Amino acid sequence: MNKLLKKAAIVFFAVCIAFPMFANGSSDGKAAETELNAYSIMPEKYATPILAEFTKDTGIKVNFVRLSSGEALSRIIAEKGNPQVDCLWGGPSDTYDAGVAEGVFEQYKPAEADKIPANYRSPDNYWTGIGIIPLCFLTNTNFLKKNNLSAPTSWYDLLDPAYKNGLQMADARTSGTATERIYSLVKAVGEKEAFDYQKKLNANVQLYTKSGAGGALPIANGQAASGVFYLVDALDITHQGYPLVISFPKEGITYGVEGSGILKGCKHPNAARRLMDWASTKKLGDFMMANKICYIPTRPDIKVDDPALDMKKMNLINAPSAWKGENRKAYVEKWIKEVIQQ
């Protein structure tokens, strides 16, 4: 009997090596993974309730660390041979395309990806858009009254001497909001003029912040006058009742597509796929709208009640995500050399 048990154990062990699904108890090869790890470029105040809702719906716990887009990209590239997280959550899609070029993302098409327009997801299924984030100006209304100014409606309005030492906006070395600012200027006025403009703008900048939303509260409190932000962050602080006004440059702005994607070689691929599937459904967009998390949904079948999210009121310039990803490193290096180290 002992010899028979021993032989059976050896056979079972061999089968488990050849067919891992028997070892984890799943007949379809998918392990019952109950948690996953993520880097979130999406700010914690938005990511926490969204991912908690995913856990509520699926039972899968999400452990995440919040990083700026530049930090997240650097980390996942450095960890390419041994990923420490399973997915990247949020952040502009050019961050993902820059990562695709480094071979760090896994191809996966979420369950309802076809209900998201093609320009809001990777053509090769490396990332899927979960929100649209146009740029905007955010300005303190007390500052405007004091200086007898209207809210800025041109990029060149921010060169007014009244704004000297009064602007706070994100640092391109760390923030996707800042790289979006560069893309917008390049597309709106041309590359040479864009960098000449930023040299002049630099004279009015009080501080470049590590994160995209970092300057919003100082502007709200009157410590700074104005800045350039993603609309989701500008609306979040405005909804808190501060004396603020949101406006847009007439020359035009580009917009980011907030992405999501799975890291190649991750340790919980099935749980990560569940998150991508869930994020492609109507549930995510409806949850964001109901909880005033002001990303414009990528799915056109989601009702948007807030008039501030009406993209028809903005002069939006299309800048393909792949183009952004290809130019990101060069533009950041050019910004460091020509703007802040001049």
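Helices in this tour are DSSP runs of at least four residues, numbered from the N terminus, and the model in which you will be selecting them is a predicted one.

Begin with two helices, H4 (69-78) and H13 (321-340), each of which supplies at least two residues of the lining of the largest pocket. With both of them selected, note that H13 gives the most to this lining, with 6 residues.

From the pocket, move on to the backbone. Most residues other than glycine have a negative phi, and the next two stops depart from that pattern.

Select Asn 165, which is found in the loop between helix H6 (141-146) and strand E6 (167-170). Although Asn 165 is a residue other than glycine, its phi is positive, with a value near 60 degrees.

Finally, select Lys 292, which sits in the loop that runs between helix H12 (282-290) and H13. Lys 292 is not a glycine either, yet its phi is positive, at about 55 degrees. Is Lys 292 buried or exposed? Its relative accessibility is 60%, and because exposed means over 50%, Lys 292 counts as exposed.

Terms used:
Residues numbered from 1 in each chain as written. Predicted model: local features only at pLDDT ≥ 70, side-chain atom pairs only at ≥ 80, totals over all residues. Heavy atoms only, no water. Buried < 20%, exposed > 50% of the residue type's maximum accessible area, 1.4 Å probe, protein only.
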